[in-house]
Structure formats: structure tokens, C-alpha cells
Amino acid sequence: LAMKPGDALDWRARDAARRALRREYQALGMPQAKINLNVIPVEEPAGQGAGKPAPAEADLQIVIEEGQQILCRSVVIRGNQAFTALRLRAQMQTKGSWGFIKNYYADETFADDLNALRKFYADHGYFDARVERGAFEVSRSGAAAAVSPVARIEEGRRYVFGNVEVSGARLFSRADVLAPFESIPGRPY
């Protein structure tokens, strides 16, 4: 950490410390690690405090729950019809392992991935799409656990632009107002 005794413990310093620790654990293949930083005020000894007030002091307590190192074998996507699984996986941070490349599963990252898929579908006109966590496929190879996270998708209907109506236009003609919208009907909303 880029901290030493006497440094200010403002939110920026604590956030930088948390990010640095998270990077270290991710580099070790442990993205499940939870890092909490607690600021514990140090009380002034009795008898001090006469005269100039001393700057407030505090200790920084770092609590780390390492969690388990779980290998991510592959990411499974079920129920997709409009988009290929490859295109949907490109929206995700959770990646599968192959060959000598090992990727590890992190619950928070997968939750973010499901939100990214929901946004992707909404951006393409699928406002009713449901993207949920499915039942994971778990396997063991000796003492090591491997998981294949599953994203279940129900796409629903795709909304498209319909007709464009103009009403109340006074500064421009109806044709001028409609011109930018001529290519839009029938396209994803």
C-alpha cells in the first residue's frame, strides 16, 4: 500500500488502498476476496489536550475474507435466440478457462455481468428481456473446484419504432420535421 503512518485517512486514500489490495488478490486468482477497511479513532491520553488541539488520529484496520479460489471452466448462456452466445459473452467480464489460461469465478463480477446483459438487451429493443442466474454446473478435479456459471435468458418481444406523427409544428413544415425520422420506422427502439 502507498500509505505510511501519519498520512491522511480520507476516503480517497482508503479507496486507493482497497483497489490495490483487490488487484493483488485478483492477480493471485482470488477475485472472491472481500476487503473491508475500518477507521478506528485513537483516543487522546488523559492529561493531554491542554493548549493546542492535536490533530485527530486513527488506526486503519484491514479485514480480508479471502474466500475460495474457484476455477471458472466456461460461461454457459441458455435461452438466447436473437444474439449468439459469443456476442453475449463479449459483454461479460467473467471468462472461462482454456488451455494454460485460468480464469477464476467471482460472484460480484457475475452479478455485474448479468446487469450488463440486461442493458445490452434493452439497448437492442428487448425491454421485457429477463436475464437471471441459472443453476451452476459444478465439477471437482481433485481438491480444486471448478464452476460453469449459467445465465438464463428469456428475450421476450423486440420493440421497434412505429410511425412518427407530427403535431403542433409551427416553425418548420411537416416534411422538414419528418425528414430525420424517415429511416427509423421498423428499426429497434
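Predicted model: local features only at pLDDT ≥ 70, side-chain atom pairs only at ≥ 80, totals over all residues.
The structure contains 11 aromatic pairs. One of them joins Phe 83 and Tyr 121, whose ring centres are 5.3 Å apart; the planes meet at 75°, so the pair is classed as edge-to-face, given that angles over 60 degrees fall in that class. Phe 83 is located in the loop between strand 4 (76–78) and helix 2 (85–89), whereas Tyr 121 belongs to helix 3 (residues 107–123); the pair therefore ties together parts that are 38 residues apart in sequence. Both partners are buried: Phe 83 has a relative accessible area of 8%, and Tyr 121 has a relative accessibility of 0%. The limit for this class is under 20%.

A further edge-to-face pair is formed by Tyr 105 and Phe 136, with 5.4 Å from centre to centre and 90° between the planes. Tyr 105 lies in the loop between helix 2 and helix 3, and Phe 136 in the loop between strand 5 (130–133) and strand 6 (137–141), so this contact ties together parts that are 31 residues apart in sequence. Tyr 105 is buried, at 4% relative accessibility. Ring pairs also link Phe 83 and Tyr 121 with Phe 120 and Tyr 126 in a cluster.

Strand 7 (residues 144–148) is largely enclosed by the rest of the structure, because 4 of its 5 residues are buried. Strand 7 runs parallel to strand 3 (residues 71–72), and the two are joined by 2 bridges. Within this pairing, Leu 71 stands opposite Ala 146 of strand 7. In general, side chains of a regular strand alternate between the two faces of the sheet.

On the surface, a nonpolar patch is made up of Leu 1, Ile 62 and Ile 64, which together have about 240 Å² of accessible area. Ile 64 is part of strand 2 (residues 57–65). The relative accessibility of Ile 64 is 32%, so this residue counts as partly exposed; it also passes the cut-off of over 30% that is required of patch residues.

Ala 179 is placed in the segment after helix 4 (174–178). With a relative accessibility of 39%, Ala 179 is likewise partly exposed, a class that lies between the limits for buried and exposed residues. The C-alpha atom of Ala 179 is separated by 61 Å from that of Asp 7, and the two residues are 172 residues apart along the chain.

Note on methods
Residues numbered from 1 in each chain as written. Heavy atoms only, no water. Patch = residues over 30% accessible without salt bridge, like charges linked within 9 Å, V, L, I, M, F, W, Y side chains within 5 Å. Areas by Shrake-Rupley, 256 points an atom, 1.4 Å probe, with all protein chains shown as cover. Salt bridge = Lys/Arg side-chain N within 4 Å of Asp/Glu carboxyl O. Buried < 20%, exposed > 50% of the residue type's maximum accessible area, 1.4 Å probe, protein only. Pairing = 2+ DSSP bridges. Phe/Tyr/Trp six-rings, centres within 6.5 Å; stacked < 30°, edge-to-face > 60°.
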